[in-house]
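Morning, everyone. Please bring up the model on your screens, and let's walk through it together.

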Amino acid sequence: MMLHLPGNSPTEREMSILRNQYSHENRGSSHHVIRVMEEERDWLASMEAKINTSPKFLNKSAGKETCCIFRVPESLVEINEKAYQPHIVSMGPYHHGKDHLKVIQEHKWRYLRSLLSRTKPCGVDFKDLFAAIASMEDKIRECYSETIEFSSRELVEMMVLDGCFVIELFCIVGRLVPGDLDDPIFSMAWVFPFLTRDLLRLENQIPYFVLQTLFELTVLSSRREQNPPILAKLALEFFNYMVQRDVKVLEGYYNLQRKHLLDLFRLSFIPCSQEKTREANQFLHLIPSAKKLHLAGINFKPRKATSFLDVRFRNGVLEIPTFTIDDFTSSLFLNFVAYEQCYRHCSKHITTYATLMGCLINTPADAGFLSDHKVIENYFGTDEEVARFFNVVGKDVAFDIHNNYLSELFEGVNEYYRNDWHVQWAGFKYTYFDSPWSFLSAMAALILLFLTMIQAFFAGYGYIRPPHSN
C-alpha cells in the first residue's frame, strides 16, 4: 500500500499552471524569432534594391563620350560658386524652374511665338518641333551626367523652348530677322551681358545636336538662300560681342565637332597647330614665377596671335599673347576648366594655360609685372585680385605636366632658368643696366677705371724706359 504524501508530486492545478506558463513563454519566443526573421528579410530586400539601383547623381554612363554636360565638382564650386550658377536664364534641366530665373523664362515663350510665325507658312509648326526632339529623348538624357527626373513631355518641351529661344536670340543679333528696339533683353543694359554669360556655364547647356535640329527645322526651312546661314557662325559672332576677335579667325571653327555652346566657344580658342599634345621629359617640373624668371634673364613680351593659348619660348624670351581679364572672361575661364576636368574626351588646353599663368603669377607683384609688360590687360580689379584668381583657378585641378601642349615650353624654360651663366649675366645686367642712373654710374666707373689704367701705364712706362737726356 502506497501513501500519498503532500509535496511529493504536483496536483493537477499546479500542472495546469506550469503548462500555461510554458505555453506563454514558448509563444513569446516564437514571436521574437518571427520578428527577427522579418527584419532580416526587409534588410536583405533593401540591400538587393540598392544593388539593383543605378547611380542618380553621377550616371554610370557619365564616362562615355556622349555624356558632356556635368554638374561642377563640389571642390570647384566651393572656390567660386557664382561662376557656375546661372543668374537670369536657365538652359536645360539642372536649373530649370528656379525662382530667380523665371523672368527670362516667360520671354522664351514670346521668342518661340515669334519663331513659329515665320515657320508656319513653310509648313513647320510646334508639333513638328516636338516630334523631332521627342525622337532624340534617349540620346538627350545620355548627354547629362545626372539622372534627369523630368518626364518625357517635360524634357521635350524644355529642349524645344530653350533651343528655340537661343536660335531666335542668335537670329536677332545676327540680323537674320528684325529685332524690337524696345525688347528688354536688349534695351536694358544689364540683361544682355548676364544672359551671354549664362549661356556659357557648364551646368547650363543643352546638346548641340538639339540646337542644330531645331535650327534646320526653323531657320533653314524658311529660307531659300544660295548660301544659307550656319549655326556655329551665328553662335560665335553672338559671343564675339563679349570677346572680340577677327571674324576671319572664327571661320576656321564653323565645321568642328562640338558638344554644346560652351564646347564650341572653347574650341574656337585652340589653334589648329596645337590640337595635339606633346610628351616631354619625365622629370619635368613647373616653372618659377614671372619675377624670378625675369631675374634669371628671361624676358617677357606680348605676342600677336589669334588665340591667347599660343604661347612661345625661344632665345630666352617668353612670348605670351595679351590676355584680357574681366568679369566675363574670368567666369568663362572657370567654366572652361571645369568642363575639361569633367569630360575626359576633350583636350586640356585651358587647364594647361591656367597652370602656366598660376605658375607665373604667384604674388600681386607678378601680376603687376605682367601687366606692365602687356601680357595681362586687367579690367578685373587690383593686382591682388588678379593674383588670387589665377591662384585658385588651378586649385584642386588635375593636370598632367608630361602630356600637354606646353610641355616643351615648361622644359625649355626650366633648362634656361637652371643655367648659371644666364643667371649671372642677368644679375650683372640688372645691377648695372636696370635704370638710366645705374647705367650712368657704371659708365662713369668704367671711364674712371680706364683713365686710372692709362695713368698707371704711363707712370710705369716712364719708370721702365725713362726719357734719354741730350
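Start with Leu176. Leu176 is partly exposed, at a relative accessible area of 22%. Here, buried means under 20% relative accessible area, exposed means over 50%, and partly exposed is in between, with a 1.4 Å probe and protein chains only. Leu176 sits in the loop between α6 and α7 (184–187). Helices are DSSP runs of H or I with at least four residues, strands are runs of E with at least two, and both are numbered from the N terminus.

A word on what you are looking at. This is a predicted model, where local features need pLDDT of at least 70 and side-chain atom pairs count only at pLDDT 80 or more, while totals for chains, interfaces and linings use all residues. Residues are numbered from 1 along each chain as its sequence is written, and side-chain values use heavy atoms, with hydrogens and water left out.

Back to Leu176. What does Leu176 touch, not counting residues up to four places away in sequence? Cys171, Val219, Arg223, Pro229 and Leu234. Contact means heavy atoms within 4.5 Å. Take Pro229 from that list. Along the chain, Leu176 and Pro229 are 53 residues apart, yet 8.6 Å separates their C-alpha atoms.

Arg175 is in that loop between α6 and α7 too. Arg175 is exposed, with 72% relative accessible area. Its phi is positive, about 60°, although Arg175 is not a glycine. Most residues other than glycine have a negative phi. Asn315 also has a positive phi, near 55°, and is likewise a residue other than glycine. Find Asn315 in the loop between β3 (312–314) and β4 (317–321). Asn315 counts as exposed because its relative accessibility is 76%.

Now the whole chain. How many helices and strands does the protein chain have? There are 20 helices and 7 strands. The protein chain runs to 470 residues, and buried residues make up 42% of them. Look at contacts between residues at least 6 apart in sequence: 72% of those join residues at least 24 apart.

Next, helix packing. Two packed helices are described by the angle between their axes and the distance between the axes. Axes are lines fitted to C-alpha atoms, for helices over the stretch in contact, and angles run from 0 to 180 degrees between N-to-C directions. Take α6 and helix α10 (residues 231–239). Their axes come within 9 Å and cross at roughly 70°. So α6 and α10 are roughly perpendicular to each other. The cut-offs: under 35 degrees is roughly parallel, over 145 roughly antiparallel, 65 to 115 roughly perpendicular, and the rest oblique. On the α6 side, Leu169, Phe170 and Val173 make the contact. On the α10 side, Leu231, Leu234, Ala235, Phe238 and Phe239 do. By class, that is 8 nonpolar residues, no polar and no charged. Nonpolar covers Ala, Val, Leu, Ile, Met, Phe, Trp, Tyr, Cys and Pro; charged covers Asp, Glu, Lys and Arg; the others, Gly among them, are polar.

Helix α9 (residues 208–218) packs on α10 as well, at about 115°, with the axes 10 Å apart. That makes α9 roughly perpendicular to α10. Tyr208, Leu211, Gln212 and Phe215 of α9 meet Leu231, Ala232 and Leu234 of α10. This contact has 6 nonpolar residues, 1 polar and no charged.

On to the core. A nonpolar core is a set of buried Ala, Val, Leu, Ile, Met, Phe, Trp, Tyr and Cys residues joined through side-chain atoms within 4.5 Å. The largest one has 125 residues. Which helix gives the most to this core? Helix α6 (residues 152–173), with 15 residues. Phe265 is among the members that touch the most others. Beyond four places in sequence, contacts of Phe265 include Leu200, Phe239 and Phe336.

Last, the cysteines. How many disulfides does the structure hold? It holds 0. A disulfide here is a pair of cysteine sulfur atoms within 2.5 Å. The sulfur of Cys143 is 4.6 Å from the closest cysteine sulfur, in Cys68, and that is too far for a bond. Cys346 is in no disulfide either, and its nearest cysteine sulfur, that of Cys342, is 9.4 Å away. Cys143 is buried, at 4% relative accessibility. Cys346 is buried too, at 12%.
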